[in-house]
Amino acid sequence: MIRLGVRANLAQFSLLVVVNAFVGAMVGMERSILPALAEHDFHLAARAAVLSFIVVFGVSKALTNYLAGRFSEVFGRKRILVAGWLLALPVPVLLIAAPSWGWVLVANGLLGVSQGLTWSTTVIMKIDLAGPRSRGLAMGLNEFAGYLAVAASALATGYLASRYGLRPAPFYLGVALALAGLLLSAVGVRETRGHARHEAQREAGGASEAPPSARRVFALASLLDRNLASVTQAGLVNNLNDGIAWGLFPLLFAAWGMNLVQVGWLAAIYPGVWGVAQLFTGPLSDRIGRKGLIVAGMWTQAAGLAVTALSHGFPGFVVGGVLLGVGTAMVYPTLLAAVGDVARPAWRASAVGVYRLWRDLGYALGALLAGIVADAFGLASAVWLGAALTFGSGLLAAVRMTETLAHGALLGVVRPGSIEPTSAAAAPPVTGSAA
């Protein structure tokens with residue numbers, strides 16, 4: 001018998017939390033050392049060239065996020081998850097062996113595809129299991145595990161690099177992570193697509209629900225539905241500033257005299273605070289709503305970036321990282337929960353895919369803008385640009401978005417702001433939430 005809820009599916013839900021920790025650790029292994037690797041091993045001087053690995057990662061992950069959402073509805077969640085881990089296996093080997101920066105870019109393209117498949121699928125599977133009443137909790141636990149692992153992995157690889165050099169020791173960790181993630185996913189994880197179908201039938205009173213077309217879902221999530229579109233733009237800007245933090249913060253810290261161990265700690269503080277705080281912000285959004293946390297979180301991130309741009313030493317960088325982590329924790333699980341509130345179960349995976357497509361394109365956009373601005377005006381100027389864009393994103397969400405929590409709280413009731421498909425042939429009308 002299929003039951004919805006975190007407690008009702010605790011064993012499987014917990015396993016998916018662990019799997020996502022391995023997913024996060026795979027990207028964390030690069031976070032503190034790849035910009036240094038670009039400068040020291042491959043002698044890249046231009047910031048735009050150094051940040052090219054984030055552009056490749058962001059574009060490949062973004063496109064794969066979208067495909068993961070659609071494919072998981074057609075082929076099932078578990079198959080996509082396992083495929084993502086198979087693609088992760090060569091990444092650390094390529095980074096160890098890379099004779100040129102082009103190899104690093106290929107490795108990051110593969111890492112982006114792998115992350116798109118694995119992280120997207122674990123998100124979708126947890127939403128499937130949790131049901132409508134605890135989406136915030138589910139996303140808080142998911143993102144907590146992933147980003148705490150990002151922090152731990154960044155700290156570990158920073159230590160290994162300071163002790164044994166930039167290569168190969170830090171990337172041996174990636175080999176172990178990929179093998180462990182693949183084994184857990186292939187052997188332990190069970191398919192959850194049936195839970196989404198069960199929820200859809202409950203909402204429809206037992207009738208089958210015909211999902212809208214892929215084009216219609218893309219349009220709704222990107223622009224037409226004001227709640228989904230508000231969530232999408234906030235996600236894009238959130239990852240834009242994360243791309244700036246990923247690519248430029250290690251260089252900024254080093255420019256102010258931080259050593260590799262200090263850079264590793266500073267690279268870990270932001271995702272570490274982000275990861276832990278989501279244990280509280282995700283469930284909090286189930287109680288007080290999504291919009292307030294999203295708006296306040298974007299403005300808190302902007303403050304963290306501003307503090308970092310103004311700082312010249314370790315204490316100031318710590319404060320900036322903590323503020324950035326707290327703000328991101330307020331936003332990250334809440335955005336995913338809001339998508340789950342508005343999108344119906346029959347096409348929710350596709351809506352998550354569209355959201356994550358735009359969100360992770362923010363990595364590429366942030367890296368491009370940061371590289372161009374840093375080369376022209378300096379590192380601090382690029383961080384200030386991220387702060388301004390992040391503040392503006394919060395303002396846009398404050399003006400355009402309405403509260404979405406009530407949309408997902410009631411089963412069997414037509415929810416304001418939800419999009420109801422009328423038939424297999426007809427596009428779903430937008431009620432209440434369209435601009």
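Leaving aside neighbours within four places in sequence, L248 touches L51, A370, A374, L379 and A382 in this predicted model. L248 is also one of the residues with the most contacts inside the largest nonpolar core, alongside M26 and W85.

**The nonpolar core**

- The largest nonpolar core counts 113 residues.
- Helix 12 supplies the largest share of this core, with 14 residues.
- In soluble globular proteins, nonpolar side chains tend to be buried together.

- You will find V383 in helix 17, which covers residues 379–400.
- V383 has a relative accessibility of 1%, so it counts as buried, the cut-off being under 20%.
- Apart from neighbours within four places in sequence, the contacts of V383 are I244, F249, L252, L305 and A309.
- T308 is 75 residues away from V383 in sequence, yet their C-alpha atoms are 7.7 Å apart in space.

**How helix 12 meets helix 13**

- Helix 12 spans residues 226–255 and helix 13 spans residues 260–288; the two pack at an angle of about 155 degrees, and their axes are 9 Å apart.
- Because angles over 145 degrees count as roughly antiparallel, that is how helix 12 runs relative to helix 13.
- On the helix 12 side, the contact is made by N241, D242, A245, P250, F253 and A254.
- Helix 13 contributes V263, L266, Y270 and W274 to this contact.
- Sorted by class, the contact between helix 12 and helix 13 holds eight nonpolar residues, one polar residue and one charged residue.

**Two backbone details**

- The peptide bond running from R167 to P168 is cis, and its omega is near 0 degrees.
- P168 sits in the loop that links helix 8 (135–164) with helix 9 (169–187).
- H43 is not a glycine, but its phi is positive, at about 55 degrees.
- To find H43, look in the loop between helix 2 (34–40) and helix 3 (47–50).
- Is H43 buried or exposed? H43 has a relative accessible area of 63%, so it counts as exposed, the cut-off being over 50%.

Methods: Residues numbered from 1 in each chain as written. Predicted model: local features only at pLDDT ≥ 70, side-chain atom pairs only at ≥ 80, totals over all residues. Heavy atoms only, no water. Axes fitted to C-alpha atoms, helices over the stretch in contact; angles between N-to-C directions. Helix = DSSP H or I, 4+ residues; strand = E, 2+ residues; numbered from the N terminus. Parallel < 35°, antiparallel > 145°, perpendicular 65-115°, else oblique. Contact = heavy atoms within 4.5 Å. Nonpolar A, V, L, I, M, F, W, Y, C, P; charged D, E, K, R; others polar. Buried < 20%, exposed > 50% of the residue type's maximum accessible area, 1.4 Å probe, protein only. Core = buried A, V, L, I, M, F, W, Y, C linked by side-chain atoms within 4.5 Å.
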